[in-house]
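Try each task before reading its solution.

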Amino acid sequence: MTPLIAARGLVKRYGGRAVVDGIDVDVYPGEVLAVIGPNGAGKSTTLEMILGLRGADGGSVTYWTGGPRRREDPGRWMGVQLQDTPFFPGLTAAENLQVFAAFYGVRVTRQRLDDNLAACGLAEAAHTEAARLSGGQQKRLAIAAALVHQPKVAFLDEPTAALDPAARREIRMLIRRISRSGTAVVFTSHDMEEVEKVADRVMFVSGGRVRAAGTPQALTAAYGVADLDELYMKLAVEEVS
Amino acid sequence: MVVTFRALLAGALRDRISLFWSVAVPLLLLLVLGSLFPEPAYRRNLVLGLVAFGSLSFAMSGTGFEVMRQRGRGVYKLLRATPFPVAGFVGLLAGARGLITLVGAMLVAGVGSAVHGIDWTPGGILLALPVLAAGTACFTCLGFVLGNLGDNENQVAMYNNLFLLPQMFGSEMFYSLDGAPGWVAAVRRWLPAGRFIDALRAAAGGDGAALVPSLLVLLAMTVLILGLAAATFRWDPGDRRHLPALRRA
């Protein structure tokens, strides 16, 4: 299968120190790829380089172009939810979504807007000012904004960070639904239970490098551990020592 | 573009604090100061000074806080990941806030003229329009600089005082500076609000020739401040604060 995104040897340095040091990433259609690792491992920087938000000091990223003679702008088929929850404070959830659709060059009908909000569990909050939404609702609005143009890949940077268990569960279900609709999801997380439940593939990043990659089952089997939580601790300890 | 402009316009119209300072406060001051000092010449200058105060409040202070909030929320960072041109977005934001500033200025001018019996000739109104537009553009650019310098509400509030207070008290907004020391008059010439008020007074008097020098200086200041706004622009709060583009060069 041809990947939608193929990043090779990505490097990012700050002050001479490589925070990303030769990372390869492939993203395939419809898959859920979890990028895990300790704080400062280079996960978000890697995603931001793929998204073009940060320039890379080395390596390359090849994007799906829509065919041999086509040059589709990857910005049109990639959706992004950053760690911040970007929205316009004075606007309602529905108005925000409309603006984000315009950013991606898509004109959404009222029906599609409602469907999108409903899919993210925000139907009743459609006319609430975005700034007044709860933390979980704001995250879901940010995810809805990343999906409003029906992208081929959605990048979710710590979508469940600082959420309560119920909100985390809702986001997990949402990621599954997105994936079932054919959109690939790349997300970063520190919650190994969540990763185990939703990810098709896992990439453990530490010290700016990929330390392990594979399906959750293959990784736990290869490292002789019971679950991803144990694997995370084992790899993190190996990294420190 | 239309959807984005409409949304930014709606957001700006819901910016109650900016509207309070740019419309409600000038209208209140018009009534209070106009009643306390009934001389026609003072009232005339007061109306024009309050038009400048309202414009400065919405276009500069309001834009400054809005830019800081949007950057802090990660809107600019996210924009870079979309096909939407950031320059276009900034233009639409400036346009939306500029339009409301213009309408607010006309409202204050209209009410002030009606209450204090100031007659505007059709020629004077025509001359005032480019002055209002130039002032709005200049103050909006100042607002971007303000928003670029501050990382949070407190910092922007501090920089706002630094930008606003000298222009409030050094530009003849509320009183004449005829008796002030020479250095005050010299400083006044370098304040955008001072030039704006001079041009507005010339326009109100229907004196096109007197308007031109102040308008040209105001436009030159606008270009300079626009350059400063572009040089200090930051995509996200983590970027370097001061003149990142110039430093890279």
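## Exercise 1: the six-stranded sheet

In chain A, 6 strands form an open sheet with mixed pairing, in the order S5-S6-S7-S3-S8-S9. Keep in mind as you go that this is a predicted model.

**Task.** Find which strands stand at the edges of this sheet, and say why one side of each is left without a neighbour.

**Solution.** 
- Step 1. Look at the two ends of the order: S5 and strand S9 (209-214) of chain A stand at the edges.
- Step 2. Each has a single partner strand, so one side of each has no neighbour in the sheet.
- Step 3. Go on to the twist, which averages 15 degrees from one strand to the next.
- Step 4. Take one pair in detail: S5(A) and strand S6 (residues 153-157) of chain A pair in the parallel sense over 4 bridges. Here A:Met78 stands opposite A:Val153 in S6(A).

**Solution.** 
- Step 1. H1(A) packs on the sheet against strand S3 (32-36), S6, strand S7 (184-189) and strand S8 (201-206) of chain A. The direction of H1(A) makes about 150 degrees with that of S7(A).
- Step 2. H5(A) also packs on the sheet, touching S5 and S6 of chain A, and its direction makes about 165 degrees with that of S5(A).

## Exercise 2: the three-stranded sheet

**Task.** Give the strand order of the open sheet of 3 strands in chain A, and say whether the pairing is parallel or antiparallel.

**Solution.** 
- Step 1. The order is S2-S1-S4 (chain A), and the pairing is antiparallel.
- Step 2. Strand S2 (17-27) and strand S4 (58-63) of chain A are the edge strands, each pairing on one side only.
- Step 3. From one strand to the next, the twist averages 20 degrees.
- Step 4. Strand S1 (residues 5-14) of chain A pairs with S4(A) over 5 bridges in the antiparallel sense. A:Val11 is placed opposite A:Gly58 in S4(A).

## Exercise 3: a helix pair in chain A

**Task.** At what angle do H5(A) and H6(A) cross, and which residues meet?

**Solution.** 
- Step 1. Helix H5 (residues 135-147) and helix H6 (residues 165-180) of chain A have axes that come within 10 Å and cross at roughly 10 degrees.
- Step 2. That angle makes H5(A) roughly parallel to H6(A).
- Step 3. The crossing of H5(A) past H6(A) is right-handed.
- Step 4. From H5(A), A:Gly136, A:Lys139, A:Ile143 and A:Leu147 meet A:Ala167, A:Glu170, A:Ile171, A:Leu174 and A:Ile178 in H6(A). By class, this contact has 6 nonpolar, 1 polar and 2 charged residues.

## Exercise 4: H3 of chain B and its partners

**Task.** Describe how H3(B) packs with H9(B) and with H7(B).

**Solution.** 
- Step 1. Helix H3 (residues 40-72) and helix H9 (residues 192-204) of chain B pack at about 135 degrees, with their axes 9 Å apart. H3(B) and H9(B) are therefore oblique to each other, and their crossing is right-handed.
- Step 2. Among the residues that meet are B:Leu48 and B:Val51 in H3(B), and B:Phe196 and B:Leu200 in H9(B). The contact of H3(B) with H9(B) comprises 9 nonpolar, 1 polar and 1 charged residue.
- Step 3. For H3(B) and helix H7 (residues 153-169) of chain B, the axes come within 11 Å and cross at roughly 165 degrees. That makes H3(B) roughly antiparallel to H7(B).
- Step 4. The contact of H3(B) with H7(B) has 9 nonpolar, 4 polar and no charged residues.

## Exercise 5: the two chains and the confidence scores

**Task.** How many residues does each chain bring to the contact, and where in chain B does pLDDT stay under 50?

**Solution.** 
- Step 1. Chain A brings 23 residues and chain B brings 19 residues. On the side of chain A that touches chain B, H3(A) gives the most, with 5 residues. That side has 14 nonpolar, 5 polar and 4 charged residues.
- Step 2. The model scores ipTM 0.78 and pTM 0.80.
- Step 3. Chain B has a mean pLDDT of 88, with 95% of its residues at 70 or more. Over residues 241-249 of chain B, pLDDT stays under 50. Where pLDDT is low, the predicted coordinates should not be read in detail.

Note on methods:
Residues are numbered from 1 along each chain as its sequence is written. Chains are lettered from A and ligands numbered from 1 in the order in which they are written. This is a predicted model: local features need pLDDT of at least 70, side-chain atom pairs count only at pLDDT 80 or more; totals for chains, interfaces and linings use all residues. Two strands pair if DSSP finds at least two bridges between them. Axes are lines fitted to C-alpha atoms, for helices over the stretch in contact, and angles run from 0 to 180 degrees between N-to-C directions. Angles under 35 degrees count as roughly parallel, over 145 as roughly antiparallel, 65 to 115 as roughly perpendicular and the rest as oblique. A crossing is left-handed if the near helix is turned anticlockwise from the far one by less than a right angle, and right-handed if clockwise. Two residues are in contact if their C-beta atoms, placed from the backbone, lie within 7 Å. Ala, Val, Leu, Ile, Met, Phe, Trp, Tyr, Cys and Pro count as nonpolar, Asp, Glu, Lys and Arg as charged, and the others, Gly among them, as polar. pLDDT is the predictor's confidence in each residue, from 0 to 100.
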